[in-house]
Amino acid sequence: MNVPERLYLDHASTSWPKAPGVVDAMTQFMTECGASASRGNYRSAQAAGGVVSQTRQSLASLIGAGDPSCVTFHSGCTQALNVAIHGLAGHFATERQEVVVGAAEHNAVLRPVRAAVQRSGARMRTVPCDQRGLVSLDGLAEVICDQTRMIALTHASNVTGVVQPVAEVGRIVAEQNAQREPKDRILFLCDAAQTFGYLPVDVPSLGVHVLAAPAHKGSGGPVGIAMLYLHADWHHMIEPIVHGGSGHDGTSDGMPETMPGRLEPGTQNVPAIAGWRAAIKHHSPRADEWSLLAERLHDGLRSIDGVRVVGERGELPIASLDFGPLLSPAEAAAILDSEFGIEVRAGYHCAALVHECLGTQASGTLRISCGHGTTEADVDRVVDAVREIAAEF
């Protein structure tokens, strides 16, 4: 039996292969330096600190942060979001206060928000998506009230690839905050896991106060490292949720008061940071190119009888499919893998609420997600394979 050539189309989960230079940079650091950053004044420790500092500066520049101290490193995007949500939970710490989330959110936002409001007695309010997978601006405006203390909105859905109206919400938040006392301001959080490295992400333009993004998706970097951006106006509000050594003010039994050390306890993952530094030199946002690939993917899949492409075509080349009652997403994914060598993901994609809006809550979807190495020929190959599967059912 001939084994089909592998075609990896699960980039919304993690990118593969990694960007050029990533593995070499990580190997070089581990074999030639290997020291901990901020843990010594000898040359190799200073070199490790330089890797961290330079990567921090590059990331801050990429997102328009201005001050690199606004960027901290964490073990993943989920960890970064937990640090932000739980660390800033004091801002919505009473029963009267509310947190608003979009229905397209990933569990990396939904679960820590749910845990934080349950602990504090605050309320979580969800704004549904429409059939396109977009959170309604009107619906969001309706739920904002004097008790609203945080809004969380993903930059793009990991189920449909649709970019949410983050900048528009940012303007609404700015207008609200201009009329509020500092203690009553709305904190605006954005999960950029699906967009960073693929689309431009500029925090001043988006109007967000908190933004999290990982290395291992659009950046083409390694797993195990992510960044958290926190606007300087909120630095005094955040409480560390993990405590430990930071290489700063070692005589104190409390975490540093200043950023970034306040949120970076323990030994940093410098090999992964070195890999991320190499990755961002190679992968830059290419919005026009992604839009063309998304159009080719969606147009091809929508021409297939018996297959429903859920949601609207977004700016990212991601498509979620529903095969109806005769074939589950899991079965379709298994056929694509075993018979066509195409690797995709089936299920709810850790974003259950959006499936209620899209009508796919029974079994989720089969998700096809392209990345930096995906070609038009790859898109045509998966469309042809789905067409062949659909014809059999």
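Visitor: Where is Leu-88 found?

Guide: Leu-88 sits in the loop between helix H3 (77-87) and strand S3 (98-102); helices (H or I, at least four residues) and strands (E, at least two) are DSSP runs, numbered from the N terminus. This is a predicted model, where local features need pLDDT of at least 70, side-chain atom pairs count only at pLDDT 80 or more, and totals for chains, interfaces and linings use all residues. Residues are numbered from 1 along each chain as its sequence is written, and side-chain values use heavy atoms, with hydrogens and water left out.

Visitor: Why is Leu-88 called buried?

Guide: Buried means under 20% relative accessible area, exposed over 50%, partly exposed in between (1.4 Å probe, protein chains only). Leu-88 has 2%, so it is buried.

Visitor: What does Leu-88 touch, not counting residues up to four places away in sequence?

Guide: Contact means heavy atoms within 4.5 Å, and on that count Leu-88 touches Val-83, Leu-187, Val-210, Leu-230, Trp-234, Met-237 and Ile-238. Glu-239 is 151 residues from Leu-88 in sequence, yet 6.6 Å away in space, C-alpha to C-alpha.

Visitor: On to H10. How many residues does it have, and what span is expected?

Guide: Helix H10 (residues 329-340) has 12 residues. The expected span is 1.5 Å times one less than the number of residues.

Visitor: Which residues of H10 are buried?

Guide: Pro-329, Ala-332, Ala-333, Ile-335, Leu-336 and Phe-340. They cover an arc of only 160° around the axis, so they lie on the same side of H10; the arc is that of the directions from the helix axis to the C-beta atoms.
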